[in-house]
Amino acid sequence: MNHFDHMGIWVRTAIVMASLVLLSSGVQATEFDMTRLPVMSPNLCLACHDVATPTAGNAVLNLFGADFLANGKLWDSNLAQQDSDNDGCLNGVEVGDSDGDGNPDGNVTEQAGNPGVFDDCGSGSLVDEKTWGTLKAMFDAD
Ligand SMILES: [Ca+2]
Ligand SMILES: [Ca+2]
Ligand SMILES: [Ca+2]
């Protein structure tokens, strides 16, 4: 019995220590928040921050990062339907999860654009997708 009691104390101590480390490290929190996006590559930290390697003292949020924070650090359909950087592409399209259900569109593995940066938001790849869909439809018709 004593043996198990000691194990319990050690486990609880370990959990408390781990929690303290997480709380005291802004970087850890940032990396955890990042995993909430269904598609993270290639922008990674830059999807939400102005710097590629944010630290606790230097983690300025970009427009999408601010909206992500305002949304309770949740990726959902509400956030997907906003256009944080006002470049004409919805966050969901840029991240690669148009409906914001947490599952990437089709077999998307890379963000089409940066949701926090005014850019061309990957219109090229969307056109490619359409072209590919048209080609596929022609083959399917045979
Ligand atoms: Ca946008
Ligand atoms: Ca989806
Ligand atoms: Ca963008």
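Read from one end of the sequence to the other, the chain follows the pattern α-α-α-α-α-α, and its secondary structure accordingly comes to six helices and zero strands. The model is a predicted one, with a chain average pLDDT of 84 and 75% of the residues scoring at least 70. Confidence is lowest in α6, where the mean is 60, and highest in α4, where it is 98. Where pLDDT is low, the predicted coordinates should not be read in detail.

**Burial and the nonpolar core**

Of the 142 residues in the chain, 24% are buried. Among contacts between residues at least 6 apart in sequence, 45% join residues at least 24 apart.

The largest nonpolar core has 11 residues, namely L37, V39, A47, C48, L63, F64, F68, W75, L79, A80 and V95. Two helices, α3 (63-70) and α4 (77-80), each supply at least two residues of this core, and α3 gives the most to it, with three residues. In soluble globular proteins, nonpolar side chains tend to be buried together.

Within α3, the buried residues are L63, F64, G65, D67 and F68, and the buried residues of this helix pack against α4 and α5 (91-95). What is F68 in contact with, leaving aside its neighbours within four places in sequence? The contacts of F68 are C48, K73 and L79; of these partners, C48 and L79 are also listed in the largest nonpolar core, as is F68 itself, whereas K73 lies in the loop between α3 and α4.

**Backbone features in the loops**

Most residues other than glycine have a negative phi, and most peptide bonds are trans.

In the loop between α2 (26-34) and α3 lies P42, which is joined to S41 by a cis peptide bond with omega of about 0 degrees. L44 is also placed in the loop between α2 and α3, and its phi is near 50 degrees, a positive value in a residue other than glycine. L44 counts as partly exposed because it has 16 C-beta neighbours inside 10 Å.

Beyond α3 the chain reaches G72, whose phi is positive, near 75 degrees. K73, in the loop between α3 and α4, has a phi near 55 degrees, again a positive value in a residue other than glycine.

Why does A112 count as buried? A112 has 24 C-beta neighbours inside 10 Å, and the cut-off for a buried residue is 20 or more, so A112 falls in that class. G106, by contrast, counts as exposed because it has 9 C-beta neighbours inside 10 Å, and T35 is exposed, with 9 other C-beta atoms within 10 Å.

The C-alpha separations are set out below.

| Residue pair | Separation along the chain | C-alpha separation |
|---|---|---|
| G106 and G96 | 10 residues | 8.9 Å |
| A112 and D97 | 15 residues | 9.8 Å |
| T35 and W75 | 40 residues | 9.9 Å |

Methods. Residues are numbered from 1 along each chain as its sequence is written. Chains are lettered from A and ligands numbered from 1 in the order in which they are written. This is a predicted model: local features need pLDDT of at least 70, side-chain atom pairs count only at pLDDT 80 or more; totals for chains, interfaces and linings use all residues. A nonpolar core is a set of buried Ala, Val, Leu, Ile, Met, Phe, Trp, Tyr and Cys residues joined through C-beta atoms within 7 Å. A residue is buried if 20 or more other C-beta atoms lie within 10 Å of its own, exposed if 12 or fewer, and partly exposed in between; C-beta atoms are placed from the backbone. Helices (H or I, at least four residues) and strands (E, at least two) are DSSP runs, numbered from the N terminus. Two residues are in contact if their C-beta atoms, placed from the backbone, lie within 7 Å. pLDDT is the predictor's confidence in each residue, from 0 to 100.
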